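This briefing is for a reader meeting the structure for the first time.

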Amino acid sequence: MNNIIRTEHAAKSYKSGEITTTALKDVSLEILQGSFTCIIGPSGHGKSTLMHLIGGLDRPTDGKVYIGDVEISRIPNSDLARLRGKRVGFVFQFFNLMQGLTAIENVEIAMMLAGVPDREQRVRAVKLLALVGLAEKAGAKPGQLSGGQQQRVAIARALANDPDILLMDEPTGNLDSVAEAEVLDLLQTLHRQGKTVVIVTHSDEVAKRAERIIRVKDGLVAH
Ligand SMILES: Nc1ncnc2c1ncn2[C@@H]1O[C@H](COP(=O)(O)OP(=O)(O)O)[C@@H](O)[C@H]1O
Ligand SMILES: [Mg+2]
């Protein structure tokens, strides 16, 4: 099996005025293609920062980050945005759906940003909503959906451009246990289909399903 994600001595500090916060100190890790990994650890210890770095949403202040053979910490912003759009799907704790758009429009907009032709957008969005079990809710706005349903729309949106990597930051943090189980079943299906799944979580239920657990503490990964 190949590594799909790799960091070498990745570090991240945030500077605001006089104050520098070091969120990640020195993280070297490898994630295998097709694997299902959970990142756990106390609040404020650098989990989200690590997820942002490996997905190319942010850059390390030191060290290197690779997706496949590409050192994403070095490539220009425009190349990074393109690579991220093609290869990485993100899901967040608070769903981050556009409230004024319907479920299907929320999925389509991700394709629009990637330049998928209009007609193809609709066809693919219908398939993705069916995959997440929400074919009947295509015309509903987020406010008309339960938390679990909204998160499944967010997962459909993350899959819009058929990424091979799914990165999720506490995706079940706002869900009850029934909705959490539904989302986890869906993630397991996607994992079986070959996606690389990385989830930041506080949930034991999520961690139980992982093949591997990475512990983040004080900006470091415990090996
Ligand atoms: N954009 C930011 N600006 C300043 N400090 C930040 C920023 N993002 C995170 N931090 C700080 O970095 C540390 C790690 O944060 P984070 O990665 O969000 O931790 P976790 O996800 O484990 O709760 C915390 O001290 C947090 O306050
Ligand atoms: Mg976090």
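**Strands and sheets**

Arginine 6 has tyrosine 66, in β4, as its bridge partner. The model is a predicted one. The points below start from the sheet that holds this pair of residues and then move on to other parts of the chain.

- Five bridges link strand β1 (residues 3-16) to strand β4 (residues 62-67), and the pairing is antiparallel.
- These strands belong to an open sheet of four strands with antiparallel pairing, in the order β2-β1-β4-β5.
- The edges of this sheet are β2 (19-32) and β5 (70-71); each has a single partner strand, so one side of each is left without a neighbour in the sheet.
- Elsewhere, β6 and β7 run parallel and are joined by four bridges.
- Within that pairing, phenylalanine 90 has leucine 167 of β7 as its bridge partner.
- In a regular strand, side chains alternate between the two faces of the sheet.
- In β6, Val88 and Phe90 lie on one side and Gly89 and Val91 on the other, and all of them are buried, so both faces of the strand are covered.

**Nonpolar cores**

- In soluble globular proteins, nonpolar side chains tend to be buried together.
- The largest nonpolar core here has 40 residues, and Val107, Leu129, Ile155, Leu187 and Ile199 have the most contacts inside it.
- At least two residues of this core come from each of β3 (36-40), α3, α4 (118-131), α5, β7 (165-169), α6 (177-192) and β8 (196-200).
- The element with the largest share is α6, which supplies six residues of this core.
- Leucine 187 touches Phe36, Ile155, Met168, Val197 and Ile199, when residues up to four places away in sequence are not counted.
- Another core, of 27 residues, lies apart from the largest one, and Ile4, Ile54, Val88 and Leu167 are among its members.

**The largest pocket**

- The largest pocket holds about 610 Å³ of space.
- Its lining is made up of 21 residues, and those nearest the centre are Gly85, Val88, Ala110, Leu113 and Asn161.
- Two or more lining residues come from each of α2 (77-87), β6 (88-91), α3 (103-113) and α5 (147-158).
- With five residues, α2 gives the most to this lining.
- By type, the lining residues are 13 nonpolar, four polar and four charged.

**Residues in loops**

- Most residues other than glycine have a negative phi.
- Aspartate 162 has a positive phi, near 50°, and is not a glycine.
- Aspartate 162 sits in the loop between α5 and β7, and its relative accessible area of 55% makes it exposed, because the cut-off for exposed is over 50%.
- Aspartate 218, also not a glycine, has a positive phi of about 50°.
- The loop between β9 (212-217) and β10 (220-222) contains aspartate 218, which counts as partly exposed at 44% relative accessibility.
- Threonine 172 is in contact with Glu180, Val183, Ser203 and Val206, leaving aside neighbours within four places in sequence.

Key. Residues are numbered from 1 along each chain as its sequence is written. Chains are lettered from A and ligands numbered from 1 in the order in which they are written. This is a predicted model: local features need pLDDT of at least 70, side-chain atom pairs count only at pLDDT 80 or more; totals for chains, interfaces and linings use all residues. Side-chain values use heavy atoms; hydrogens and water are left out. On a 1 Å grid over the protein atoms alone, a cavity is a set of points where a 1.4 Å probe fits but cannot get out, and a pocket is an open set with protein on both sides within 12 Å along at least five of seven lines; lining residues have an atom within 4 Å of a point. Grid points are joined across faces, edges and corners, and a volume is the space filled by probe spheres set on the points. Ala, Val, Leu, Ile, Met, Phe, Trp, Tyr, Cys and Pro count as nonpolar, Asp, Glu, Lys and Arg as charged, and the others, Gly among them, as polar. A nonpolar core is a set of buried Ala, Val, Leu, Ile, Met, Phe, Trp, Tyr and Cys residues joined through side-chain atoms within 4.5 Å. Buried means under 20% relative accessible area, exposed over 50%, partly exposed in between (1.4 Å probe, protein chains only). Contact means heavy atoms within 4.5 Å. Two strands pair if DSSP finds at least two bridges between them.
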